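Me: I would like to go through this model by asking what stands behind each label. Please set every value against its definition before you conclude.

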Amino acid sequence: MPHITVCSLADLHKTVDRVGASHAITLINGQTPVAPPVDDANYLRLDFNDIATEIPGLVAPAEAHVVKLLAFVQAWDRQAPIVIHCFAGISRSTASAYITILALEPERDAFELAAELRALSPSATPNPRLIAFADALLGRNGDMIAAIEGIGRGEDAFQGEPFDIILKR
């Protein structure tokens, strides 16, 4: 079964090697250097800060970021895993993994998936701004937002542990 692996920047290259990923997504601020872990054609980098509201001097997640994420994951052939990472593997990457699954498997229940996400990653705290844009773009009528609010903030951690989420198809 195809799967998504979520990790931090510190774990990126060893995680890509360990799972044999063909695709990768980086969600990080624009000043952080990241060596692409896969071929450029299979790599997406989205530059923005991990913030939930607009703050002067920082780049907030925007609808355009989610549109690019959705286009990229919908083009993924699912023949090998995809790795999604951010700086800590806690907020931007967990939100993007959640969004990816609901985009690729729209029949999945947002609340069950949020509970699975929490079980897989006690520190997961999906970025609510990314979730809100995706909820609107995917026509989920607020269920993604409510599901993520329902799992609450994750455990405090400097860095999340890598984890896999299995796609059902």
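Me: How many salt bridges does a search of the whole structure find, and what makes a pair count as one?

Reply: A search of the whole structure finds seven salt bridges, each being a side-chain nitrogen of Lys or Arg within 4 Å of a carboxyl oxygen of Asp or Glu. This is a predicted model, in which local features need pLDDT of at least 70 and side-chain atom pairs count only at pLDDT 80 or more, while totals for chains, interfaces and linings use all residues. Residues are numbered from 1 along each chain as its sequence is written, and side-chain values use heavy atoms, with hydrogens and water left out.

Me: What makes arginine 129 and glutamate 54 a salt bridge?

Reply: Their side chains meet at 3.2 Å, N to O, and the limit is 4 Å, so the pair qualifies. It links distant parts of the chain, with arginine 129 in helix α5 and glutamate 54 in the loop between β3 and α2 (63-75), 75 residues apart. Helices (H or I, at least four residues) and strands (E, at least two) are DSSP runs, numbered from the N terminus.

Me: Why does alanine 134 count as buried, and what does it touch?

Reply: Alanine 134, which lies in helix α5 (residues 128-137), counts as buried because its relative accessibility is 0%. Not counting residues up to four places away in sequence, alanine 134 touches Val66, Ile99 and Met144, where contact means heavy atoms within 4.5 Å. The C-alpha atoms of alanine 134 and isoleucine 99 are separated by 6.5 Å, although the two residues are 35 apart along the chain.

Me: How do you know that the buried residues of α6 are on the same side?

Reply: In helix α6 (residues 143-151), Asp143, Met144, Ala147, Ile148 and Ile151 are buried. They cover an arc of only 125° around the axis, which puts them on the same side of α6; the arc is that of the directions from the helix axis to the C-beta atoms. The face turned away from this buried side carries the exposed residues Glu149 and Gly150, and what covers the buried residues of α6 includes α3, α4 (110-120) and α5.

Me: What makes β2 a paired strand, and why is it called mostly covered?

Reply: Two strands pair if DSSP finds at least two bridges between them. Strand β2 pairs in the parallel sense with strand β4 (residues 82-86) over four bridges, and five bridges join β2 to strand β3 (residues 43-47), which also runs parallel to it. Strand β2 (residues 23-28) is mostly covered, since six of its six residues are buried. His23, Ile25 and Leu27 are on one side of β2 and Ala24, Thr26 and Ile28 on the other.

Notes. Buried means under 20% relative accessible area, exposed over 50%, partly exposed in between (1.4 Å probe, protein chains only).
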